[in-house]
Amino acid sequence: MKICIVGASGKLGKYMVQHCLDLDYEVVGVCRQKSVVKLDEYKDKMTLLPGATNDRDLIKQAVEGCDGVLTVLVPWGIQQYASGTAQAVLDFAKPGARLIFSCGWHITRDGEDVYSSLFKVMVSIAAKIGRFFRALEIDDQVEACRRIFESDTKWTVVRGSDLEEGESQGLPVWSHHIGDPILESNKTRRIDFALFMVDAMVKDNLIQEAPAIVGCQTPSALAHTP
Ligand SMILES: NC(=O)c1ccc[n+]([C@@H]2O[C@H](COP(=O)([O-])OP(=O)(O)OC[C@H]3O[C@@H](n4cnc5c(N)ncnc54)[C@H](OP(=O)(O)O)[C@@H]3O)[C@@H](O)[C@H]2O)c1
């Protein structure tokens with residue numbers, strides 16, 4: 001399998017690179033020029049295309065011939081970075097390719113997610129502060145996901161809980177809606193978020209789904225996994 005990882009140099013991206021190489025996938029990565037050094041340890045094992053992830057020409061080149069595209073949807077800066085990246089992947093990935101996008105729990109597909117008041121306040125504050133300092137554009141990640149949800153490609157939007165570092169605990173469990181009891185612990189190891197993203201490429205039941213994930217060893221997962 002040939003896989004493209006858009007945002008390969010970040011924390012999530014590097015874990016995804018490692019998981020893909022472990023599976024003997026051929027890996028093409030896209031990351032900013034200044035971050036190429038972060039992937040030094042993989043330079044002989046993958047193809048790296050430096051540049052902005054919302055550069056349409058670059059994404060067209062990167063996804064060519066790929067069976068799957070794993071995309072870190074980042075809302076950094078006020079430049080439609082997330083929606084530009086998502087749109088380029090949707091436009092240029094080959095028909096039938098599996099397209100897996102990462103985001104947080106704040107993204108809702110059908111409006112049936114149930115959020116705590118604290119969560120809603122935190123997202124609203126982060127969006128306002130991010131916009132004020134022109135550092136973060138959470139609304140644009142929402143727009144990116146809206147476009148993905150409307151697409152007829154084989155997409156999956158993986159909605160990550162709060163993240164932590166640490167050894168892998170195994171494939172996270174998931175549910176359709178925030179507020180479902182199994183998700184209550186709201187914690188996933190970042191290495192396992194990456195594992196879920198990579199594994200989603202071969203799971204047909206995740207096509208056109210927006211799974212919300214949580215670590216499989218968390219109390220809520222252990223209490224509610226059948
Ligand atoms: N952090 C959380 O608690 C959390 C929770 C739930 C879901 N998520 C989701 O997980 C994914 C990755 O999150 P993460 O925390 O693990 O971060 P990460 O992997 O470190 O990813 C951050 C990404 O943003 C890029 N980036 C940083 N600054 C940028 C800028 N100014 N312009 C363009 N790109 C920039 C990084 O590229 P460089 O290597 O070039 O800097 C990297 O690819 C995102 O989709 C996020 O929504 C995160």
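The model is predicted: local features need pLDDT of at least 70, side-chain atom pairs count only at pLDDT 80 or more, and totals for chains, interfaces and linings use all residues. Residue numbers start from 1 along each chain as its sequence is written.

View 1. The C-alpha trace spans about 45 × 40 × 35 Å along its principal axes. The radius of gyration is 17 Å, which agrees with the value near 17 Å for a compact globule of 226 residues. That quantity is taken over C-alpha atoms, and the globule rule is 2.2 Å times the number of residues to the power 0.38. Of the 226 residues, 43% are buried. Here a residue is buried if 20 or more other C-beta atoms lie within 10 Å of its own, exposed if 12 or fewer do, and partly exposed in between, with C-beta atoms placed from the backbone. Of the contacts with a separation of 6 or more, 74% join residues 24 or more positions apart. A contact requires two C-beta atoms, placed from the backbone, within 7 Å.

**View 2. The shell of 23 residues around the ligand.** A residue is near a molecule or strand if its C-beta atom, placed from the backbone, lies within 6 Å of it. Gly7, Gly10, Leu12, Ser35 and Gly160 come nearest to the ligand. Helix H1 (11–22) and strand S5 (98–104) are the elements that each give two or more residues to this shell. The shell divides into nine nonpolar, nine polar and five charged residues. In this division Ala, Val, Leu, Ile, Met, Phe, Trp, Tyr, Cys and Pro count as nonpolar, Asp, Glu, Lys and Arg as charged, and the others, Gly among them, as polar.

**View 3. The largest nonpolar core, with 66 residues.** Such a core is a set of buried Ala, Val, Leu, Ile, Met, Phe, Trp, Tyr and Cys residues joined through C-beta atoms within 7 Å. Ile5, Met16, Val69, Val89, Phe101 and Met197 touch the most other members. Helix H6 (residues 190–200) gives the most to this core, with eight residues. Leaving aside neighbours within four places in sequence, Val89 is in contact with Val6, Ile59, Val63, Val69, Thr71 and Leu99.

**View 4. Helix H6, mostly covered.** Nine of the eleven residues of H6 are buried. The buried residues of H6 are Ile191, Asp192, Phe193, Ala194, Leu195, Phe196, Met197, Val198 and Ala200. In an α-helix there are 3.6 residues a turn, so residues three or four places apart point the same way.

**View 5. Parallel pairing of strands S1, S4 and S5.** Strands count as paired if DSSP finds at least two bridges between them. Strand S1 (residues 2–6) runs parallel to S4, joined by four bridges, and five bridges join S4 to S5, also parallel. Val6 has Thr71 of S4 as its bridge partner. On the S5 side, Gly68 is bridged to Arg98 and Val72 to Ser102. Both faces of S4 are covered, with Gly68, Leu70 and Val72 buried on one side and Val69 and Thr71 buried on the other. In S5, six of the seven residues are buried.

**View 6. Pro75 in the loop between strand S4 (68–72) and helix H3 (81–92).** Pro75 is buried because 24 other C-beta atoms lie within 10 Å. Pro75 and Asp139 are 64 residues apart in sequence, with a C-alpha to C-alpha distance of 8.1 Å. Beyond its neighbours within four places in sequence, Pro75 is in contact with Tyr81, Ala82, Leu136, Glu137, Ile138, Asp140 and Gln141.

View 7. Most residues other than glycine have a negative phi. Asn186 counts as partly exposed because it has 16 C-beta neighbours inside 10 Å.
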